[in-house]
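Here is a short briefing for a reader who is new to this structure. Look it over first, then follow the points below.

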Amino acid sequence: MDLSLTSTGNKLEESFAQGIRLYETLYHYPKPIIARINGPCLGGGVGLVFTTDLRVAHQDAYFALTEVKRGLVPAIISQYIVPQLGSQKAKEYMLTGQRVKMESIGIGVVASENELNSKVNDYVNMLLESAPGAMSDIKRLVHAIETGNEVERTKRIQEHVKRAYLSMMQSEEAAYGIMSFMNKKKPNWSAFHSKL
């Protein structure tokens, strides 16, 4: 057995576990989380937004799931994005890496630069008028309804997410895409099309 491969596998498993912990902690946090989006939201940042409860975005803000342009898969964050966008839009955005204006997908309030802080403060003030225990119960209730309280479904989804993540992190495409990005070159994927 090659110990370097085992070591690499263990590092990838730990990287995956850390990513899941981060997003799950935010997604299941008992208190309301407000996302204040004042600019472009890319990659994992998109996932962070989709773990929040309330969102206020600058009118010029956009998101882009550009992982595919680097030979990567938005694996961990997909479990938060797909249910909220729907499978068709999620595939469109994930397959193309296109820029999407926040206002066009209706995932929160859009505000001008002058209004951004006041809109966030409006939410903060409304939340301060709400009972903290009831808000926590509401979040748990919505999560239970959203998942159908299907523990097996959640395990199955996370197993698929894990396989996609581990496969991506060991792929030639990812290595090539990341290297192209680091060298500020547009990747030429033609050599990879024949490998499918």
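Does K186 count as buried or exposed? With a relative accessibility of 80%, K186 counts as exposed, because the cut-off for that class is over 50%. Keep in mind that this is a predicted model.

**Around K186**
- K186 sits in the loop between α9 and α10 (190-193).
- K186 and M135 are 51 residues apart along the chain, and 47 Å separates their C-alpha atoms.

**Helix α7**
- M135 is one of the buried residues of helix α7; the others are S136, K139 and H143.
- Viewed down the axis of α7, these buried residues fall within an arc of 100 degrees, so they line one face of the helix.
- Helix α7 covers residues 132-147, which makes 16 residues.
- From first C-alpha to last, α7 reaches 23 Å, close to the 22 Å expected at 1.5 Å a residue.

- I178 belongs to helix α9 (residues 172-182).
- I178 counts as partly exposed, because its relative accessibility is 38%, between the 20% and 50% cut-offs.
- Together with M179, F181 and M182, I178 makes a nonpolar surface patch of about 440 Å².

**Strand β3 and its partners**
- Strand β3 (residues 54-58) has four of its five residues buried, so it is largely enclosed by the rest of the structure.
- Strand β1 (residues 34-37) runs parallel to β3, and four bridges join them.
- Within that pairing, A57 of β3 is the bridge partner of I37.
- Strand β6 (residues 109-111) also pairs with β3 in the parallel sense, over three bridges.
- There, V56 stands opposite V109 in β6.

**The three-stranded open sheet**
- Three strands, in the order β2-β4-β5, form an open sheet with mixed pairing.
- β2 (41-42) and β5 (100-101) stand at the edges with a single partner strand each, so one side of each is left without a neighbour in the sheet.
- Strand β4 (residues 62-64) pairs with β5 in the antiparallel sense, over two bridges.
- The bridge partner of F63 in β5 is V100.

How values were computed: Residues are numbered from 1 along each chain as its sequence is written. This is a predicted model: local features need pLDDT of at least 70, side-chain atom pairs count only at pLDDT 80 or more; totals for chains, interfaces and linings use all residues. Side-chain values use heavy atoms; hydrogens and water are left out. Two strands pair if DSSP finds at least two bridges between them. The expected span of a helix is 1.5 Å times one less than its number of residues. Buried means under 20% relative accessible area, exposed over 50%, partly exposed in between (1.4 Å probe, protein chains only). The arc is that of the directions from the helix axis to the C-beta atoms. Patches are made of residues with over 30% relative accessible area and no salt bridge: like charges are joined within 9 Å, nonpolar side chains (Val, Leu, Ile, Met, Phe, Trp, Tyr) within 5 Å. Accessible areas come from the Shrake-Rupley method with a 1.4 Å probe; for residues, only the protein chains shown count as cover. A salt bridge is a side-chain nitrogen of Lys or Arg within 4 Å of a carboxyl oxygen of Asp or Glu.
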